[in-house]
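Subject: Structure handover

Hi,

Here is the structure I promised to pass on. Please open it alongside this note, and have the sequence to hand as well.

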Amino acid sequence: MRDQILTILLENRDSFVSGEDISQKLGVSRTAVWKTMGQLKESGFEMQSVPNKGYRLTSLPDKLEPALIQHYLTTKQFGRVIETHVTMDSTNTRAKELAQNGAAHGTLVTAEEQKSGRGRLGRSWESPRSLGLWMSLILRPSFSPRYAPQMTVLAGLAVVHTICKTTGLEAFIKWPNDIIVNSKKVCGILTEMQADLDLIDYIVAGIGINVNTPKEGFPRELRNSATSLKLELGAHIDRCRLSAELMAVFEGLYERCLAAGDFSEILNEYKSKCITLGRQVRVTGPSETFEGTAADLTDDFQLLVETKTGELRGVFSGDVSVRGIAAYL
């Protein structure tokens, strides 16, 4: 009922809504409406309450509320089911639990804070409270499992487009999925999958964006390599609007690839945003380290590195450091 009442208030931001109208619409008592209004105020929603006129929202809190996110949504499926938490270990861990129990395609898990956020290669991910977007999206694609790694590519491209659209900042992708603004890391992506040989059961796309983190909000050792959208833009970002826009952009890209049956049509789009290409890189794998120039990407988004001897080597995974990029990766 809380979210239903909040949705009604959001849909009538410019006018008053009477408690009687709300109670009739939802089939609840006036007392229940009054108590819910008190709960919303305690949660940080400021509102006017005028006798014989009703209630009107005047200010929204800076928090990830399902009703707020969904108020801005324009998607068909992505984010239409949302589970939010104040504090949790990892949104990816929770999303996998939900997926294993049958959660629908497009289900979104968000948290104000993660205690055990994870990045690629087992690294930890700093997730301070109320400053970023820490989220995981459950996907149930009909693609062959061989296309599963491309969902990471899709998520990265969605974040880049969303940042540009909502802030005007120019963002790039450090292969395969670290998002860079002004040579510093602003977002990391971790995708995890459960599949059979010929069928994907689910993919969880974990996305962590430093949105309003101040410089002192990063560990000292990361302050020269990590950044936030607020630091680069010089203005506070509405995280609920950003979440909704990301869901819309991600779903649009997903549907394009689903209609095409593969990811070929976004390859050039990804290349244009891939800051790794044309730069000197160091590739650290499980058994060796080598250097060269990031020359190109294959049709399956494998990185091609030309060594000093002219050999062209394909890189599917591993730790790729890029000269001139400060982000710790």
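Before the charged pairs, one cut-off: a salt bridge here is a side-chain nitrogen of Lys or Arg within 4 Å of a carboxyl oxygen of Asp or Glu. On that basis R2, D3 and E65 are linked in a network of salt bridges. Keep in mind throughout that this is a predicted model.

**Charged pairs**

How many salt bridges does the rule give? The count comes to 20 salt bridges. As background, side chains of opposite charge can pair when their charged atoms come close. Three of the pairs are worth a look.

R129 pairs with E113, with 3.1 Å between the closest N and O atoms. This one ties together distant parts of the chain: E113 belongs to strand β4, while R129 is in the loop between β4 (108-114) and β5 (132-139), and the two are 16 residues apart. Are the partners buried or exposed? E113 counts as buried, at 14% relative accessibility, and R129 as partly exposed, at 45%.

E288 and R313 also meet through their side chains, at 2.3 Å from N to O. Again the link is between distant parts of the chain, 25 residues apart: E288 is in the loop between β10 (280-284) and β11 (289-297), and R313 is in strand β13 (residues 312-315). E288 is partly exposed, with a relative accessible area of 37%, and R313 is partly exposed too, at 23%.

Then there is D238 with R241, where the closest N and O atoms are 3.7 Å apart. D238 has a relative accessible area of 33%, which makes it partly exposed. R241 is partly exposed as well, at 47%.

What is the strand order?

- β11 and strand β12 (residues 303-306) run antiparallel and are joined by 4 bridges. Bridge partners include T293 with E306 in β12, and A294 with V305 in β12.
- β11 and β12 form a hairpin with 5 residues between them, and F301 in that turn has a positive phi of about 65°.
- β12 and β13 are also antiparallel, with 4 bridges joining them. L304 stands opposite G314 in β13.
- β12 and β13 form a hairpin too, with 5 residues between them; the residue with positive phi in this turn is G310, at about 90°.

**Cysteines**

How many disulfides did the search give? The count comes to 0 disulfides. C240 is in none, and its nearest cysteine sulfur, that of C187, is 17 Å away. The cut-off for a disulfide is 2.5 Å between sulfur atoms. C240 is buried, with a relative accessible area of 4%. C257 is likewise in no disulfide; for this residue the nearest cysteine sulfur belongs to C274, 16 Å away. C257 counts as buried, at 0% relative accessibility.

Is T75 buried or exposed? At 7% relative accessibility, T75 counts as buried. What does its side chain reach? The side chain of T75 comes to 2.6 Å from the backbone oxygen of F78. Leaving aside neighbours within four places in sequence, T75 is in contact with R80, M247, A248 and E251.

That's the handover from my side.

Cheers

Terms used:
Residues numbered from 1 in each chain as written. Predicted model: local features only at pLDDT ≥ 70, side-chain atom pairs only at ≥ 80, totals over all residues. Heavy atoms only, no water. Buried < 20%, exposed > 50% of the residue type's maximum accessible area, 1.4 Å probe, protein only. Pairing = 2+ DSSP bridges. Polar contact = N/O pair within 3.5 Å; in protein donor to acceptor, adjacent residues only side chain to side chain. Contact = heavy atoms within 4.5 Å.
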